[in-house]
2 protein chains.
Amino acid sequence: MNAVIDHIESRREAHVEDLKTFIAIPSVSTNPERAGDVARCADHCHDSLRDVGFTTVEVVKTGGHPIVYAEWLEAEGAPTVLFYGHYDVQPPDPIELWTSPPFEATVRDGKIYGRGSVDDKGQVLAHWKAWEAHFAVNGRLPCNVKVLLEGEEEIGSESLEPFLVERKTDLAADVILISDSPMFARGVPSLCYGLRGLCYMELHVRGANTDLHSGSFGGAVANPAQALAKILASLKDEDERITIDGFYDRVRPLTDEERDEFARLPFDEEEYKRQLDVSELVGEAGFSTLERTWVRPALDINGMISGFTGDGAKTVLPAEASAKVSMRLVPDQDPEEIARLFAAHVERVTPPGVSVKVAPHHGARAYLAPLDHPANQAAKRALAAAFGAEPVFTREGGSIPITNSFQSTLGLTSILMGFGLPDENAHAPDENLDLDNFHRGIAAAAHFYHEYASGVG
Amino acid sequence: MNAVIDHIESRREAHVEDLKTFIAIPSVSTNPERAGDVARCADHCHDSLRDVGFTTVEVVKTGGHPIVYAEWLEAEGAPTVLFYGHYDVQPPDPIELWTSPPFEATVRDGKIYGRGSVDDKGQVLAHWKAWEAHFAVNGRLPCNVKVLLEGEEEIGSESLEPFLVERKTDLAADVILISDSPMFARGVPSLCYGLRGLCYMELHVRGANTDLHSGSFGGAVANPAQALAKILASLKDEDERITIDGFYDRVRPLTDEERDEFARLPFDEEEYKRQLDVSELVGEAGFSTLERTWVRPALDINGMISGFTGDGAKTVLPAEASAKVSMRLVPDQDPEEIARLFAAHVERVTPPGVSVKVAPHHGARAYLAPLDHPANQAAKRALAAAFGAEPVFTREGGSIPITNSFQSTLGLTSILMGFGLPDENAHAPDENLDLDNFHRGIAAAAHFYHEYASGVG
């Protein structure tokens, strides 16, 4: 491993240049005019993986953008890692807010700025460079590796699920490895082992058959906006507990061990409040902020609208009102069951004089990887070696639907070993990646394949 | 009077033709391209009033559209009526929904269809034709008459208040007469003696300084849409009583006499529900629908918005939420005091973690004319004579701000003697006026000036 790490260290400048080349291809998946660039980026991935040393490399046509697939399976007896990443990027808009051009990556103050630098080209490249080093020094990888790069992650991964189903046998592996998540903080290498699930609902409240003059009818006819407000207000109590009957029934309780782990993390609540510019944090009584966002379910109104919302005043009694409400779920809540409980609650609290329709958008179960999974333990050792600091196990409040697909379709656990920082502007202008983390990320990846092979083999 | 009525009866066809001519001028006040037509319509009013027999007729330039003013003051010892009406009309849009062209008035099934037919050209013309008949038969009017026609009623009457202040002495009169309100129902001649006031508020709720990802932050940060829902839901209790402290303190109680009067009106609650397509009516416990909309205050959400309201799902925790809330007031509520009480309530119930701004739009006091005012009694006799049915005294849930201006600036009571029906599509396509009511309206107007002169003189 020392020779591998030395090789990586000796090529720091070349690695940054390669990242610049990767970023220079504007693979904006949502923009139809960029379809050619997205295809060109897939070809670039294909050629790079072939040059690195993968034996089988293919660009797979889909109904949308191509999937790049590669494999090297000559580590007999060693475990197989399926690496997943994406080569597409978010649009650069609003382009005028960038300090330097989004597709001409620029280094300033130890960071490289450019669209895709942290999400996800820089993190994908870290693994390429780790594989390249292993191949260059040893002529082989420590374990079997399959590489799956998609070009539709930023637009919903529509082609991925069919690909997983169709190529299920080819994709057989021991674990999924993803580097597309943030570190907890600078200097704190992190493994994310849990994600919340989602149940997203829409409500439509209907009153009279047309908008009415609020002077002529006000006081005699139910107001659907008022009814909606009553329904929405009823969803939480004074302690910010969700009041839907049965909502918490399947919630896996927080363990003392988890509580202790989270409490040890360098979380600065005052800084968090300062960044959000709020005077106080509000959440379920009896839980800390990290607990509230990681292991406790939440309910939020994502949008609502009714009546006249322009400037000025209009004396209308609206005919309808609607809202979008989503719930973040934790193990072992079932999104379909929660959708039913939500609908039953709404029906129960709907005031007279209006009718309500409740419809689900999409749902996802929460995801939880076993901390003692050999790959999680290997990743922990790899991060410690590369970053010189004890890694932490974290969870995330959001969802990464792809982890559920990997679990349900391939039956595989995902290891989330990300090298980005929380403030590197993924999806925003001046997206960037810390170069120290980039170089340490390459080393961590190199260690990972070695550690995983050693730990299991 | 018999000769006057005979004169009116003999000229029915000519009256309809004159109404067609009036409607043919597209005096759409809100459309700058129609300013020339509005001015032409003012000139038409001027010429018609001069031809009728008024001694002084002028077109008064304002910052907006002209005001037409006329007077005939030769009825020595008789009272003076200041007639108010408007010659401007609503836009005809959506024009494709009209059965016949909006500015080519067309008679079908005893109704005349055209923009302005009921609001307010037909009702203004009824008075012209009454004056014309008095002048033609007797060479004089029974009482002194001042005529004030404005061209900005549909766009807020901005030029009227300054005109009232400036010409206060010229406008001195005993009473204001307006024909711009609906009859209670077909065959039920009506005098509206009360209007509700208004207190219109806007609320802005602010959470964090930016929209947040509801996955990452949901459960830990206050959601302004949820806070707004709590605030709005708190404004009424289960009995639909408004919960704002002190809100009902000045509300003038319903008298037994009023309750009996309203109960006698031919109000069909089942038909009302059927037209609105609602399964039940919802309002303050202990009051009937007419009481709820006429003599009890009301509170309605007129609009609200927060977060993502497009199609589909977006997992956003919004940074802000806002709502418009208006309260219809009754005697003796004070809009400024109600605005203060509202703001105090909002402040009291605002949950932690958000800030709220409350700002008033416009306000108006409720209006109430004395039933025993000689002009109301004269109007009652006039309607009975012209319609052959006992008139009813009604109130309106809406506001007519001009009645407050007449009260506050000129110190005068307004008599609201309208000849329209509730379903004649004022402000909508296929606006129309029942021709039987039009002709009876002319006769009622003729009777009114006679009755008022007799009753007082």
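Predicted model: local features only at pLDDT ≥ 70, side-chain atom pairs only at ≥ 80, totals over all residues.
Strands count as paired here if DSSP finds at least two bridges between them.

**Entry: β16 in chain A**

I started with β8 (residues 190–195) and β16 of chain A, which run parallel and are joined by 5 bridges. For one specific pair I looked up A:Ser190, and its bridge partner in β16(A) is A:Val392. Then I checked burial along β16(A), residues 392–396: 4 of the 5 residues are buried, so the strand is largely enclosed by the rest of the structure.

**Entry: domains of chain A**

How is chain A divided? I get domain 1 as 2–195 + 366–456 and domain 2 as 198–251 + 297–363. Their centres, taken over C-alpha atoms, are separated by 40 Å. I then looked at contacts between the two domains, and found 4 residues of domain 1 touching 6 residues of domain 2. On the domain 1 side, those residues are 2 nonpolar and 2 polar, with no charged ones.

**Entry: where A meets B**

Next I went to the chain contact, where 61 residues of chain A touch 61 residues of chain B. On the chain A side, the elements that give two or more residues are α6 (214–217), α7 (224–233), α10 (289–294), β11 (298–307), β12 (316–317), β13 (320–329) and β14 (355–364). The largest share, 9 residues, comes from β11(A). By class, I have 23 nonpolar, 26 polar and 12 charged residues on that side.

I wanted to see what β11(A) does there, and it pairs with β11 (residues 298–307) of chain B, antiparallel, over 5 bridges. One of the pairs I looked up is A:Ser306, whose bridge partner in β11(B) is B:Met304.

**Entry: symmetry**

What rotation superposes chain A on chain B? It comes out at 180° with 0.0 Å of shift along the axis, at an RMSD of 0.1 Å. That is the relation of a two-fold axis. I also compared the interface residues: 100% of those in chain A are interface residues in chain B too, so the copies meet through the same surface.

**Entry: a three-strand sheet in chain B**

I traced an open sheet of 3 strands in chain B, ordered β4-β5-β18 with antiparallel pairing. The edge strands are β4 (106–108) and β18 (432–434), each pairing on one side only. From one strand to the next the twist averages 25°.

Between β5 (residues 111–113) and β18 of chain B I find 3 bridges. B:Ile112 has B:Leu433 as its bridge partner in β18(B). Helix α4 (residues 117–138) of chain B packs on this sheet, touching β5 and β18, and its direction makes about 50° with that of β18(B).

One joins A:Asp93 and A:Pro94, with omega about -5°; A:Pro94 is in the loop between β3 (80–86) and β4 (106–108) of chain A. Chain B has a cis bond between B:Asp93 and B:Pro94, also with omega about -5°, and B:Pro94 is in the loop between β3 (80–86) and β4 of chain B.

A:Glu240 has a phi of about 65° and is in the loop between α7 and α8 (256–264) of chain A. A:Asp277 has about 60° and is in the loop between α9 (269–276) and α10 of chain A.

Is each of them buried or exposed? The cut-off for buried is 20 or more other C-beta atoms within 10 Å. A:Glu240 has 24 C-beta neighbours inside 10 Å, so it counts as buried. Exposed means 12 or fewer, and A:Asp277, with 12 other C-beta atoms within 10 Å, is exposed.

Conventions: Residues numbered from 1 in each chain as written. Chains lettered and ligands numbered in written order. Contact = placed C-beta atoms within 7 Å. Nonpolar A, V, L, I, M, F, W, Y, C, P; charged D, E, K, R; others polar. Domains from an automatic or database assignment. Axes fitted to C-alpha atoms, helices over the stretch in contact; angles between N-to-C directions. Least-squares fit on C-alpha atoms with pLDDT ≥ 70 in both.
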